[in-house]
Amino acid sequence: MAEITLGEIKKECGVNMVILNNFLHTFEFHSPNWVEYSKYHYLSIDTKISNEMASFLRAHKKLIHEYKIDFDATKSVNTISQKMNIEPLILLNYLNNFSVYKSIQFNSDCGNGAQALQHGGFEVTNLSEKGEVTLKTRLRNISSYQILKDVQNYQRRAILLSEVDNKEN
């Protein structure tokens, strides 16, 4: 393994470790050939990476920067739906059932100021009076790309479970 650290890459890309970790997690860059860990966890500035991974990340600085801008932006569910080409009803269904698949709990008692916490937290505003996510609900400190990945995983899980249920009946 090379003596290049993620801290060096973080500086070169002009992002913090939260962004870099989320980027690596979203796009599943956790090959043991790239990172010194056999299991992928939160990586630190001291994490040693391979020359191949360093070259890849350096070549994709623009994508990492775009990820940061998207992550930091306050965006409506409608905007995420359009940007990620996800049917609005599928996205709403997923987000309103988020806590079933993640350790997220929407605090409906807070009304329009409700927040959901996940690994440091992301903000959710403009929930309906019932505390539900709508197309006007706004999210911040989470990437549209991560949401797309999560929706796709949610859909695959639903397909798998329906196939299992069909075989049992």
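The accessible surface of the protein comes to about 10000 Å², and 50% of that belongs to carbon and sulfur atoms (areas by the Shrake-Rupley method with a 1.4 Å probe; for residues, only the protein chains shown count as cover). Bear in mind that this is a predicted model, where local features need pLDDT of at least 70, side-chain atom pairs count only at pLDDT 80 or more, and totals for chains, interfaces and linings use all residues. Residues are numbered from 1 along each chain as its sequence is written, and side-chain values use heavy atoms, with hydrogens and water left out.

On to the layout. There are 8 helices and 6 strands in the protein (DSSP runs numbered from the N terminus: helices are H or I with at least four residues, strands are E with at least two). Along the sequence they follow the pattern β-α-α-β-α-α-β-α-α-α-β-β-β-α. Of the 169 residues, 38% are buried (under 20% relative accessible area; exposed is over 50% and partly exposed in between, with a 1.4 Å probe and protein chains only). Take the contacts between residues at least 6 apart in sequence: 60% of them join residues at least 24 apart (a contact means heavy atoms within 4.5 Å).

Now for the aromatic rings. Rings of Phe, Tyr and Trp (its six-membered ring) pair if their centres lie within 6.5 Å; planes under 30 degrees apart count as stacked, over 60 as edge-to-face and the rest as tilted. That rule gives 7 aromatic pairs. Here are two of them:

| Pair | Centres | Planes | Type |
|---|---|---|---|
| Phe 27 and Tyr 67 | 6.1 Å | 65° | edge-to-face |
| Tyr 67 and Phe 71 | 6.4 Å | 25° | stacked |

Phe 27 sits in the loop between helix H2 (17-26) and strand E2 (48-49), while Tyr 67 is in helix H4 (residues 61-72), so this pair links parts of the chain 40 residues apart. Phe 27 is partly exposed at 33% relative accessible area, whereas Tyr 67 is buried at 1%. Phe 71 also lies in H4, 4 residues from Tyr 67, or about one turn of the helix. Phe 71 is buried too, with 8% relative accessibility. Ring pairs join Phe 23, Phe 27, Tyr 67, Phe 71 and Tyr 145 into a cluster.

Finally, a look at helix H1 (residues 6-13), where Leu 6, Gly 7, Ile 9 and Cys 13 are buried. Seen down the axis, the buried residues of H1 fall within an arc of 160°, so they line one face of the helix (the arc is that of the directions from the helix axis to the C-beta atoms). Their cover includes strand E1 (4-5), H2, E2, helix H3 (51-59) and H4. After H1 comes Gly 14, with a positive phi near 70°.
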